[in-house]
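Thanks, everyone. I will go through some side-chain features of this protein, starting with the aromatic rings.

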Amino acid sequence: MTSGTATTADHLRTALDGPWAAVRDEARIQLAGKQFTGNPYLDYKAARARVLEQMRAVAANGYAERGFRRENGGTGEPGAAVVGLEMLAYTDLSLWVKSGVQWGLFGGAVENLGSERHREHIKQLISLDLLGCFAMTESGHGSDVANLETTATYDPQTEEFVVHSPTPSARKDYIGGAAEHARMAAVFAQLITSGENKGVHCLLVPIRDESGADLPGVTTSDDGLKGGLPGVDNGRIVFDHVRVPRENLLNRYADVAPDGAYSSEIENPSRRFFTTLGTLVRGRVSVGGAAAAGARVALSIAVRYALKRRQFADPDTGAETVLLDYRSHQRRLLPLVAKSYALAFAQNDLVRRMHLVQTGQDLEPGAQRALEKRAAGLKVAQTEHATRAIQECREACGGAGYLTENRLVTLKADTDVFTTFEGDNIVLTQLVAKELLTAYADEVRDLDALGWVRFAATMAGDVVRKRSGVRQLIQTLKDRGDESIDDGDLSRRAVQLQLFADREDYLVRTAGHRLRARAADTRPFEAFNNAQDHILAAGAAHIDRLVLEAFIEGIEGIEDPDARALADSMCDLFVYSTIEENQSWYIMHRFMSVDRAKAVRRGVNELVDRLRPHAHALVEAMGVPESMLGAAMLDDASVFDRT
């Protein structure tokens, strides 16, 4: 306990809750009732209807308005919007996804890509008077948005766009809301006017009438049962020369005049395309946050279970041993809790950066581009963490973990797709690495994939330290007078960060060298393809370093000494377990001796042993109220009480 009435867990939770802690606390109260709890026993039709009713309750509590600007009927709080909707992930991920589609993707497209003439649509979608969907992905093209096949051809005679699916693979697919509820779609299509293709643009296309019937020329169908998310009505849309008014083009960055003349303030087509996609970064920020929230729920369940469940008698006492007293169990769960802490701090920092950019408080050149790279990297880290952590939690709870009533299998099914939507993780890691290899250089901003390969092949130098500020942070940590341990001691933050930065820097530089060596005697694609594994490793190392920096900075804000000491140990565990996972690389490249690698393994053991007595406080601090866990086994005394 600490001074006053607040516990150590309370102080940790406040730190992990971040700048919008009040929003999280409010949500813990508002969403705690059975009204928002998922019901896995419903069939998918009933689940969809229930989620839609839950959305109406969420809207009534003011969650939607936060994400929209004041002139459009909102309150202009993008950071609060992301955090508030993230809390829905504690209740039912179907509710989070469907809310995200309506207010984040569909609503975000209309507000961020549209203009004043689309304002009425925004007011209607906030209140759910207009249900929409985000029709980007096609059966033939998922991550490759630039090559979507759907066309929107302008007809100056009628001043209309003709939206059409020219091939079977141009069918819009996996679209949340398209199967049943959406009345309008934000459709991404190749804009053609005066016989010229101007690239991918977004238009509003009505798809159903008020009774739910497809409009003329529109054919919707149901994707059917999925691996999870039964409350989300994913579907397909095919357009057969559907006409919409010229004004339905979302025209913030480009417009078509009545006579068909095309205009845009952004002359370069590539830059225009990436500017359009960049405005939708909030969706990627939100996906990572929700995945991490799902992992926190699973870990909160599994650690609590491990503190109660007993198996195998202690030969000295005859009493059965609590699961979490086994070193193997500590090792399988506590490092994942530590990574959840690290990712929570990283997400708080990301949402803060997003809020500053989207409210116009950060106007620095390159801020939007840096935000996109960071969002891509953390989305990868958080969704991969969720997939791994939830599976580990399921196994750690044995047969009980496989029962639907204990929620872990539902979390596993619902989060599985997070690694691929809002950007496939391999593609996003590659995007992060591309930014590293080009070092934010203006001269490559608009190059295509082969162009940046050619540029990267000429790149050299200490990219990581010169461009990221990590050098200054390492020096600051080294300069602290209260550290008298030897410079090589892995317990020092400066040494830890140095190891993470060394791995990133080495991989970035050698990836550049590898591209240069191959580019001299082969085609650019072959040079890139040959080095793709190396490029992905560089991106992953960069993400690890960003997360560690966020953890270090997050600890700085904890004033309570007991809470700070626990957070320090959790940071050490995150570092040691990450290095242990990559120790073969460190040894192979001579950044670490075999003896030092053994010290890392011992360090993990010592840290989980040190943190074991605080396990309950550590999961309490993650901020998932027990009332929202929804795992029957935690209240079933017959499972663990044999006295």
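Phe 345, Phe 500, Phe 551 and Phe 574 are linked by ring pairs into a cluster. Rings of Phe, Tyr and Trp (its six-membered ring) count as a pair if their centres lie within 6.5 Å; planes under 30 degrees apart are stacked, over 60 edge-to-face, and the rest tilted.

Before going on: this is a predicted model, where local features need pLDDT of at least 70 and side-chain atom pairs pLDDT 80 or more, while totals for chains, interfaces and linings use all residues. Residues are numbered from 1 along each chain as its sequence is written, and side-chain values use heavy atoms, with hydrogens and water left out.

The structure has twelve aromatic pairs. One of them is Trp 96 with Phe 418, tilted, at 5.6 Å centre to centre and 35 degrees between the planes. Both residues are buried, meaning under 20% relative accessible area with a 1.4 Å probe, protein chains only; over 50% is exposed, and in between is partly exposed.

Next, Arg 612. With 17% relative accessibility, Arg 612 is buried. Its side chain makes a polar contact of 2.9 Å with the side chain of Asp 325. A polar contact is a pair of N or O atoms within 3.5 Å; within protein, one must be able to donate a hydrogen and the other to accept it, and residues adjacent in sequence count only if both atoms are side-chain atoms.

Last, which cysteine sulfur is closest to that of Cys 397? It is the one in Cys 393, at 6.7 Å, too far for a bond.

Terms used. A disulfide is a pair of cysteine sulfur atoms within 2.5 Å.
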